Structure formats: C-alpha cells, structure tokens
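Work through the following exercises with the sequence and the coordinates at hand. Each task is followed by a solution in steps.

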Amino acid sequence: MDSIGGKSHAGPRIGIAGMLAVFVLLSTPPDGQSQKDVSSPPAFDVASVKPVQPSDPRGSRTGFSMAPSSDGVKLTITNATLLACIERAYGLREYQVSGPAWIKSEHYDIVAIGPRVGTKQVWKMLQTLLMDRFQMSLHRETKVLPVYELVVAKNGEKIHEVDSHGPSGIGGDKGKIIAKKTSMAQLAEVLSSQIDRPVLDMNGLSGVFDFTLEYSRQESPLDGRDANDPENDPFPAPLLPQALREQLGLDLKANKAPLEILVIDSANKVPTAN
C-alpha cells in the first residue's frame, strides 16, 4: 500500500466539489443497504432455535459444529443450555457468567447459516443471535473470585527459555499438555480450561518454553470443604499441582482476585419464533 507523504506525483487536480463527490461515494453504502445496516452487529442470514423437550433421549450430550455450506458457513448446536451457548459465543467459562438458574437446565437445538467468515466472526454472530432470540439483557461487572496463581515452586523452575523463532503452539489430550515455544501466560490460559477456576500468570518468567506436562485427571472430592476457600485445594497429589511442581518446577497458589464477569439481567426461556 502506498504511504502517505514522500515525493508527490503529477496528476489531475481535484477541486472542492470533486473532493465532496468522492467523499459521498466512499461513505455511501452499497445499493439496497442502509447506513443502519453498515453499523449493525454481525448476524446470521437464517437461523432456527428450538427448545429440546425434556423427554429427548439424548440426555446431557451437547455438540457444537461449524462447517462450510453452499450459502457460506453453517453452525449447528445440539442439546445445549443457554449457558453453554453464552460461554462459547463470548469465550467464557461457567464461573464468568451469572444469570437465572434456568440457563443451566433448559436445552436448545440451534442451526444457523451465514456468510463465510472466520471463526471469531461466527461467535460474534452467535452473540447477536442469542441477544435477539432470547431477548437477553446483560452487563459486565467486576467480582472478586477464587483464582489460582501460577508461581515458581519452592525449589525453583525446571524449564528453560528457548529461542522464540519458528513454529509455536500448545495443545494435547486428556492428562497431557504439549507446549512448543509457549509463554507462561499461554500455559495459564490452558490450565484455566482444565480446572475449576481461573489461573493467573504470576511467576515472572518471560520468554517462551518447550515442555510436556503429564498429570492425572482423576477427580478428588473436597469432603464437604468449601470449594471457594483459597485454603482448600481440591487437587491433592498426585494430580495437576504435583505434576506442575515435579515436572516444570511451577506451583498453583490459591488466592482471590477481581475478575470481570458477564451478568445476564434477563432472558426469555422460550426463544422468539424462527
């Protein structure tokens, strides 16, 4: 793209009237599209939202799938609660959403077709769909919640910084995390998806690292203890915290911190007609 400034080039001079004409052309929406349409939130072209009957035999199985279609992209959501849809649409975890109790119990099937766009845009279109069909009213607020701080263990870290050039990524399967040129902030984000509360990067380790973390996913009850008490660790050895200490030299420290949450002020249990 040509930069602004630098050596000027000869060309036709445009008067004030011509400049106004060019401005009008550039600022006028395409034929059949109003200015309101231009500023409207992204939306699917067509969508079906249907409540799942209590007698449905699928039980608690929920599915989200996205695939190309002849008309663009097709999003299919099966047997999902409104809470699950909100989590996926806004990129949140359950502890980051507050609302009526029924958003965790009522299930819905959604099929939506829209223009072929990237994944992030599809989730923005799902936000628009949920707001419209469930007549949702929401706001964001800050709340002090239990968290884990990812810190260096007492005996020091066991990982070493590597060159940041080349392919990078973090992923894995159940009970295993494989990281290549991964920052501690990225690890904290992945750990947040594995346990019951957010993980904050507080270890001060900069740069990127290669490592493999293997741990047990066996659940351990709290034996009646309060899960929101920072002193009560629901992951006794040999689960995730011990694996972090022994393999990476990192630890999870229970604490509390202010976090932003999404509050659903109101929503209709029965979606508007398709």
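**Exercise 1. Find the aromatic pairs in the whole structure and describe the geometry.**

Step 1. A search of the whole structure gives 1 aromatic pair; rings of Phe, Tyr and Trp (its six-membered ring) pair if their centres lie within 6.5 Å, and planes under 30 degrees apart count as stacked, over 60 as edge-to-face and the rest as tilted.

Step 2. The pair is Y108 with F134, edge-to-face, at 4.9 Å centre to centre and 85 degrees between the planes.

Step 3. Y108 belongs to strand β5 (residues 107-114) and F134 to the loop between α4 (119-133) and β6 (137-152), so the contact ties together parts 26 residues apart in sequence. Helices (H or I, at least four residues) and strands (E, at least two) are DSSP runs, numbered from the N terminus.

Step 4. Y108 is buried at 2% relative accessibility, and F134 is buried at 1%. Buried means under 20% relative accessible area, exposed over 50%, partly exposed in between (1.4 Å probe, protein chains only).

The model is predicted: local features need pLDDT of at least 70, side-chain atom pairs count only at pLDDT 80 or more, and totals for chains, interfaces and linings use all residues. Residues are numbered from 1 along each chain as its sequence is written, and side-chain values use heavy atoms, with hydrogens and water left out.

**Exercise 2. Locate charged ends that sit over rings.**

Step 1. Apply the criterion: NZ of Lys or CZ of Arg is within 6 Å of the ring centre and within 35 degrees of the ring normal.

Step 2. R88 places its charged end over the ring of F64, 4.2 Å from the centre.

Step 3. R197 lies over the face of Y148, 4.5 Å from the ring centre.

**Exercise 3. Determine how strands β2 and β3 pair.**

Step 1. Strands β2 (residues 63-69) and β3 (residues 72-81) run antiparallel and are joined by 7 bridges; two strands pair if DSSP finds at least two bridges between them.

Step 2. With 2 residues between them, β2 and β3 form a hairpin.

**Exercise 4. Trace the pairing of β9 with β8 and β11.**

Step 1. β8 (residues 169-171) and β9 (residues 176-182) are antiparallel over 3 bridges, and G169 is the bridge partner of K180 in β9.

Step 2. β8 and β9 form a hairpin with 4 residues between them, and G172 in the turn has a positive phi of about 140 degrees.

Step 3. β9 is also joined to β11 (residues 208-214) by 5 bridges, antiparallel, with I178 opposite T212 in β11.
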